Amino acid sequence: MQTISVKCKLQVPIELRSEIDRTLQGFADACNQIYEVAKREKCWNTTKLHHLVYKPIRETTKLKANHVCQAIRRVIGNAKACRQPHKFRPTSINLDARTFEYFEELQSVGVTLMCGRKQFKLSIGNYQLALLKGQTPTAATLNKTKRGDYYINICVDLPTDPTGKTPKVIGVDLGRRDIATTSNGKSWSGEKIQATRDRYSKVRANVQSKRTRSSRRLLRRLSGREQRFQKWLNHNISKQLVQEAKQTNSGLAFEDLTNIRESLNQKPRSKTERRRTNNWAFYQLRVFVQYKANISGIPVVFAPPAYTSQTCSRCHHIHPEKDKGKSYRYGKLFKCGHCGFECDADVNAALNIAALGISVNNPEVPGITCLLEGQRELFPTGSENWDKAPTSTKRKRSKLG
Ligand SMILES: [Zn+2]
């Protein structure tokens, strides 16, 4: 099962807006008070905190019983997720089976507010309807946007296809020039996208230097627009990646970028490049791919990122470190100094990731072999790769051998 949240717009009659706002305010007040108690008593256990705060919070905020329970969970969840939780604002409330219900025929939801249970119609399209079909969701979050609209994020469990083992793996290189490149040679050109992002960050830099109230407001709006653009793009790319994997019965392999920030930052890079790699956009893309792949039953593996761009995807020769400042990369082109293999640099990296992914996914398959002098015995002659090696390499080999 894969849990996803379905975002639905609520139709709220004017007279009920203040009721929702009052409940949101009460929930935020409760969270802030609970957080103070938890910090003072150093108590971060749900049950223990419940005994400490339940009664006084219900009396001061007049919230319903399950609202208070959810507020306790929200505080503890937030404290675990970030070290310094900010003040809770009246913008969202968590709902559970006792405070929320979905009515499929009516396309509406029942939500318990401080004044009691109210029903709201949903403004949703076929996409949301299909996801909610036959579901009896038991959790949701009600949100109020800055513009004053109300949305409800309904959690639904989707059945997933069983993940089968597959000998085929599509490697995906998340790049700086292109957003993503697959080992099949498909790529999502970063140029236009990067231009848009650079434009946003340029405006942002301009605005940030001013620091007036109106510039701060503009800053917030821009970041929201940039985020929505990025999200749309990542949904788009991840959908296509998963579709391609499904059609070709392959798995997907990515670089394990968990520690990429540190390792990349050790090398001198331009300010622009640093901003691009530190971007959480890559993280978001992988999260999207993972849940979509999970629904479609496609295995996703992560390969160690070391040397994927310096290694030749045909002979697996790695560019020697002693030649500092040089590499096999010439702009967009990768040219192996050992076997002469030429390829698009990003595709070459994606091929390496795919090869690593195959050996992670199917350990019994001999995935990677090496052509280097000292390790010749690892490379069985007569194998498929050997035939592809250029004659110059073979000649050199036979002389040595
Ligand atoms: Zn090579």
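**Helix packing and sheets**

The crossing of helix 1 and helix 3 is right-handed, meaning that the near helix is turned clockwise from the far one by less than a right angle; helices here are DSSP runs of H or I with at least four residues, strands are runs of E with at least two, and both are numbered from the N terminus. This is a predicted model, in which local features need pLDDT of at least 70 and side-chain atom pairs count only at pLDDT 80 or more, while totals for chains, interfaces and linings use all residues. Residues are numbered from 1 along each chain as its sequence is written.

The axes of helix 1 (residues 14–41) and helix 3 (residues 65–81) come within 9 Å and cross at roughly 55°, and the two helices are therefore oblique to each other. On the helix 1 side, the contact includes Phe27, Ile34 and Tyr35, which meet a set in helix 3 that includes His67, Ile72 and Arg74 (contact requires C-beta atoms, placed from the backbone, within 7 Å).

Five strands form an open sheet of mixed pairing in the order 10-9-8-11-12, where pairing requires at least two DSSP bridges between two strands. Strand 10 (187–189) and strand 12 (300–303) stand at the edges with a single partner strand each, so one side of each lacks a neighbour in the sheet. Strand 11 (residues 251–255) pairs with strand 12 in the parallel sense over four bridges, and Leu252 has Val300 in strand 12 as its bridge partner.

Another open sheet, with antiparallel pairing, is formed by three strands in the order 13-14-15. Within this sheet, three bridges join strand 14 (residues 333–335) to strand 15, and Phe334 stands opposite Cys343 in strand 15.

Definitions and conventions: Axes fitted to C-alpha atoms, helices over the stretch in contact; angles between N-to-C directions. Parallel < 35°, antiparallel > 145°, perpendicular 65-115°, else oblique. Contact = placed C-beta atoms within 7 Å.
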